[in-house]
Amino acid sequence: MALPPPQPSRSPSGSAPPFTPLLCVVDFHHARGPEISHWFGTSPAGSDPQPHPQAQEDNTGSGWGLIPYMALPDGAHRGVEEFSYFSLVYHGDKNRKKDGGEGAGEHVGEGAGDGGGGATSIFGISCCQSIPASSLLWKSEDVTRSAVQKAVVALTDQPERFSKLREKLRVVTRAWFAQRDFRDVEILQRFQENLSREVVTGSREEEDGQQYFGMSLREMVYQYKWQMLVLFKCLLLQPKMLFFGSHCERVCQVQFSLLSLIPNLVKNLQDCADPQMNSHAESLRKPDSVRTSDRSSFLAYLGVPLQLFGKGSVFGPYTPLQQLDILTDLDTKSYVVGSTNSLLIQQKDRYCDVLIDLDENLISILSPTLRSAVALSVADRRWIDFLAQQVTDTWDDTDPSRPKTHGYAGSEEFIRLQFEEYLLALLSAEKYHQHLSSHRDPNNKDRAAGGGGSDPKALLADIEGDPSSDFSPTFLDAWRQTENYALWSRTTGTHLFDLVDPRHPCAGGITIEDVQRRLAAQIAELHLDERFSATREVVGKRLVEGREQVGAAFGRVWADVEALREAQRRRAEEARVQAQAQAAAGEDGGEGKMGAQVLGLGGGRMPKPDLQQAQASVTAAGQRAGAYLSSWGSWAAEKRRAGWQRQVSGSQGATSTQEGKPKVIATNEVGRQDAHSGHETKEAG
């Protein structure tokens with residue numbers, strides 16, 4: 001079996017020797033901007049590397065002239081420490097001679113004639129830190145600001161070792177800054193020499209164990225849930241994907257996490273730095289055998305990894321504004337890039353089909369065609385809901401990177417193997433679909449989906465219909481139009497379904513359990529407990545405040561009522577005292593004076609009351625009462641007369657009875673008599 005071609009730096013006897021890691025220091029000059037001040041690992045020592053004449057002229061696009069802008073990302077000055085990841089084109093050493101051994105020319109892509117070295121992609125990782133200028137032991141004349149910012153950059157062709165390299169680079173950079181004298185670069189020189197020795201003596205098994213360390217797949221699944229599968233399908237369709245965020249390292253790490261869902265893809269990114277590179281596709285051959293006990297051989301036979309970054313595609317974990325021309329180039333059909341500059345967000349319709357805003361945790365699919373193509377089927381949603389539930393059940397806020405049970409379910413490796421199973425099932429189902437299409441029964445005109453019209457002898461006994469429909473026919477139609485599908489279909493066998501069951505991991509129609517799980521997931525996404533908890537706190541606080549305010553209000557009202565009662569009591573007491581004083585005013589002066597002194601009203605006599613005024617008040621009250629009674633009597637008399645008129649008046653007996661009754665005096669006459677008597681009483685007074 002022909003295994004996937006090794007990269008130039010990893011071939012034990014290939015045409016290209018191992019790439020020697022390089023180290024450089026990037027300064028930020030207040031007038032000239034970012035620039036490279038030191039190189040380590042170059043020949044002659046300290047000189048600028050000139051990998052290829054084209055690289056000297058290529059100061060834009062994929063050239064090395066953009067390293068300062070990639071090493072100091074936008075917004076890096078806002079923090080004390082920041083990391084950046086980027087890709088570059090390496091054209092090879094012009095003095096390198098081709099090895100005439102067997103297979104020497106089979107794995108050399110475009111640029112093979114440029115000095116004998118094939119063009120490939122290398123990757124840079126930058127650790128940017130700042131220090132107050134006042135704390136430096138020695139300052140150059142260029143230091144004019146309050147803080148000094150520098151970045152130490154390591155270049156390698158093995159991005160799968162980024163996690164291990166990052167920790168070493170961080171320690172070395174901090175130690176260099178701790179010296180407070182940037183003239184002493186011995187620690188950087190030794191670090192570069194150590195990296196060079198690791199390339200020669202490094203263990204592949206150790207690299208395999210470290211290639212996924214530090215990537216936040218659990219956080220991505222926990223945050224995006226079912227949209228994680230949408231991102232995975234978008235990646236297979238090769239659109240223009242833009243990752244945006246204010247934290248550069250998180251933007252880069254999320255992209256590597258997404259790529260790690262496709263087995264071995266991170267190890268095979270040799271053509272990702274420039275849309276013109278296509279060496280892997282040109283050298284790939286169809287394998288003729290497989291060792292099922294060897295995982296690498298097994299995956300290679302199935303066509304994994306899918307070549308997502310070849311001709312017309314670009315992968316730039318961090319892409320500065322100076323590199324936008326390569327994104328807008330007509331030869332660039334698809335890319336996965338990251339940025340921390342909000343200018344790209346303002347022109348997102350121009351630069352991307354899919355926007356992943358990490359600051360807002362928002363995924364926007366701007367292309368309507370792509371949006372319909374990545375719509376999840378029932379089986380897809382059932383599968384991703386199961387995976388998201390496993391992560392949610394084992395989530396630990398204190399340590400998001402591992403399950404709180406410390407078990408396998410919900411771990412990083414669990415997530416990757418679940419996506420690997422999904423991808424292999426997809427590839428197998430597609431090959432089975434091609435198998436069914438090539439064995440159509442010419443006598444059967446039925447072309448319905450699900451295998452109808454196919455030769456019964458070509459069908460698998462335990463597979464009913466066409467299992468590829470569970471992966472969404474719209475998605476499969478869009479995938480068949482991509483470059484990676486064409487390469488995969490051309491370089492793989494026709495009977496992959498004999499090795500992998502061509503069935504969706506969660507195949508089947510919708511059930512009541514799916515509906516219940518979907519409703520539970522949607523309710524969980526609303527975060528009602530959190531919202532109600534906050535609401536309860538606010539309501540409880542408002543109730544306490546309201547209770548205090550109402551209690552205070554009732555206290556004030558009760559105090560006012562008590563004060564009113566006390567005032568009324570005092571007025572009543574004063575009125576009683578005045579009445580007693582007026583009653584005693586008619587007695588002799590000595591007794592009146594003594595009574596006044598006893599009552600505490602002072603030694604003076606009280607004024608004599610006005611009897612005429614009192615009599616007039618009594619007379620007026622009597623008149624009002626008489627008028628009221630008179631009007632009432634008139635009303636009663638009218639009612640009696642009206643009642644009597646309705647009676648039959650011809651009977652003599654009734655008449656005599658009326659004459660025999662005693663005389664009734666009207667109420668108004670009584671009132672007039674009372675009024676007359678009152679008038680006479682007034683005149684007598």
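Guide: This is a predicted model. Start with a cluster: ring pairs link Tyr85, Phe123, Phe162, Phe256, Phe309 and Phe315.

Visitor: How many aromatic pairs does the structure hold?

Guide: There are 22 aromatic pairs in the structure.

Visitor: Why is the pair of Phe19 and Tyr90 called edge-to-face?

Guide: The ring centres of Phe19 and Tyr90 are 4.9 Å apart, and the planes stand at 75°. Centres within 6.5 Å make a pair, and planes over 60 degrees apart count as edge-to-face. So Phe19 and Tyr90 form an edge-to-face pair.

Visitor: Where in the chain do Phe19 and Tyr90 lie?

Guide: Phe19 is in the segment before strand S1 (22–29). Tyr90 belongs to strand S3 (residues 81–90).

Visitor: Why is the pair of Tyr85 and Phe256 edge-to-face?

Guide: For Tyr85 and Phe256, the centres are 6.1 Å apart and the planes are at 65°. The cut-offs are within 6.5 Å and over 60 degrees.

Visitor: What parts does the pair of Tyr85 and Phe256 tie together?

Guide: Tyr85 lies in strand S3, while Phe256 lies in helix H8 (residues 248–259). Those parts are 171 residues apart in sequence. Both Tyr85 and Phe256 are buried.

Visitor: Which ring has the charged end of Arg166 over it?

Guide: The ring of Phe83, with the charged end of Arg166 4.2 Å from its centre. Lys150 lies over the face of Phe182, 5.0 Å from the ring centre. The distance cut-off is within 6 Å.

Terms used: Residues are numbered from 1 along each chain as its sequence is written. This is a predicted model: local features need pLDDT of at least 70, side-chain atom pairs count only at pLDDT 80 or more; totals for chains, interfaces and linings use all residues. Side-chain values use heavy atoms; hydrogens and water are left out. Rings of Phe, Tyr and Trp (its six-membered ring) pair if their centres lie within 6.5 Å; planes under 30 degrees apart count as stacked, over 60 as edge-to-face and the rest as tilted. Helices (H or I, at least four residues) and strands (E, at least two) are DSSP runs, numbered from the N terminus. Buried means under 20% relative accessible area, exposed over 50%, partly exposed in between (1.4 Å probe, protein chains only). A charge sits over a ring if NZ of Lys or CZ of Arg is within 6 Å of the ring centre and within 35 degrees of the ring normal.
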